[in-house]
Structures are given as C-alpha cells and as structure tokens.
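Here is a short briefing on one protein chain. Look over the sequence and the model first, then read the points below.

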Amino acid sequence: QPECPLELRLRRIHRLWRDGMTRLSDIVETFELLGDWDTRYQYLVELGEQLPPLEESARVEPNRVKACMSRVWVHAWEDSDVAGHVRFGGDCDTGIIKGVLALLIQLADGKTLAEIEAINMEEFFEHLQLGEHLSPNRHVGVYAIVDLMKQQAATAAGRQRHHAASG
C-alpha cells in the first residue's frame, strides 16, 4: 500500500533533521515540505524544545540579546576539536523565537568565522517567510540574535588565532 504524502514529507523532514540541517537550502526544503504557516510555527516550537539546555554560567549579560523582546542568550566558543571553527549554544523564554534560535544555531554551529559572517539574514527571512509571520519587533530581535552570534564568533575566532600564535 503506497504511503500518504504526509508520511513521505515527515520521513524526508526526519532525514534532513537527523543528517543536520546546516545549510539554508536544507532548512528551506524542510519548511516547504511542512506546507502552511501553522505547521511551520509548530515545527519551530518543537525545534526550540529540542535545543540543548544552556549552562547557567553562560546566562550572563554579555550573552544576552538586548534588542529582543524575549529573554535570549547566545554563547559562542572555539571548537576544541576542529581548529578555526566556532560552536554555539543558546536559550530563549519564548517558544517561537527559541525555534528560530535553534535554526540559527544549526546554520552557524561548527562553522568558520567566514561562513558565519556570510549568513544572509534577508535570504533567511525571505525563504522561510518569517517577515510575513513575525511581528516587526520580533524581526528586529532575530537580526539582533544574528548580530550577537557574529560578534561572538569573531571574538572566539580571535582567541583561536591568539592561542595559535602564542602556542
């Protein structure tokens, strides 16, 4: 008996998630498979729920996204296993923004500073249709999250260069 289209879509989404959606095209494909905005919204909330907990020591003022209506923290550190790469963690007290944060972390985590700086927020918003479904204040907040992620990645990459030069 053939599978229904929903089962096929869910299987494809699961495969993309399992394999790690680290490219914008993977995330866009997943969103297109989900269909309507209500389903996408629920998916974002579920992604946020799967975000690993942020250590309490990382919930400090320099890691807080100040321009966001929600309470959002982003923490970047140098990858101890892969030189020149940056890792990310984060948390948020609002389900939908925590889901967007989870997507942004997926896009940036384990990448080089150049790859992180190349994240195009206009393309992200356009392809996922976030601008149409998030309030202008939340729109500003998501841009602020990305700005802080890029600042922290530059700092972490600077520490890596400093350690390599002094080592």
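What percentage of the 167 residues in the protein chain is buried? Buried residues make up 44% of them. Here, buried means under 20% relative accessible area, exposed means over 50%, and partly exposed lies in between, with a 1.4 Å probe and protein chains only.

This is a predicted model, in which local features need pLDDT of at least 70, side-chain atom pairs count only at pLDDT 80 or more, and totals for chains, interfaces and linings use all residues. Residues are numbered from 1 along each chain as its sequence is written, and side-chain values use heavy atoms, with hydrogens and water left out.

**Overall layout**

- The protein chain has eight helices and three strands. These are DSSP runs numbered from the N terminus: helices are H or I with at least four residues, and strands are E with at least two.
- Along the sequence, the pattern reads α-α-α-β-β-α-β-α-α-α-α.
- Take the contacts (heavy atoms within 4.5 Å) with a separation of 6 or more: 58% of them come from residues 24 or more positions apart.
- The accessible surface is about 9200 Å², and carbon and sulfur atoms hold 52% of it. The area comes from the Shrake-Rupley method with a 1.4 Å probe; for residues, only the protein chains shown count as cover.

- Three strands form an open sheet in the order 1-2-3, with antiparallel pairing. Two strands pair if DSSP finds at least two bridges between them.
- Strand 1 and strand 3 are the edge strands, since each pairs on one side only.
- Seven bridges join strand 1 to strand 2.
- Strand 2 and strand 3 pair over two bridges. V86 stands opposite K111 in strand 3.
- Helix 4 packs on the sheet and touches strand 1, strand 2 and strand 3; its direction makes about 175 degrees with that of strand 2. Axes are lines fitted to C-alpha atoms, for helices over the stretch in contact, and angles run from 0 to 180 degrees between N-to-C directions.

**The nonpolar core**

- In soluble globular proteins, nonpolar side chains tend to be buried together.
- A nonpolar core is a set of buried Ala, Val, Leu, Ile, Met, Phe, Trp, Tyr and Cys residues joined through side-chain atoms within 4.5 Å.
- The largest such core has 46 residues; L44, V72, V74, F88, L104, F124 and I145 touch the most other members.
- Helix 4 gives the most to this core, with 10 residues.
- Leaving aside residues up to four places away in sequence, L104 touches M121, F124, V142, I145, V146 and M149.

**Salt bridges**

- The whole structure holds five salt bridges. Each one is a side-chain nitrogen of Lys or Arg within 4 Å of a carboxyl oxygen of Asp or Glu.
- D109 and R87 meet in one of them, at 2.6 Å from N to O. The pair links distant parts of the chain: D109 lies in the loop between helix 4 and strand 3, and R87 lies in strand 2, 22 residues apart.
- D109 counts as partly exposed because its relative accessibility is 22%. R87 is partly exposed too, at 31%.
- D91 and K98 meet at 3.0 Å, N to O. Both are buried.
- Salt bridges that share partners join E56, R59, D91 and K98 into one network.
- Within this group, R59 and E56 meet at 3.6 Å, N to O. E56 counts as exposed because its relative accessibility is 62%.
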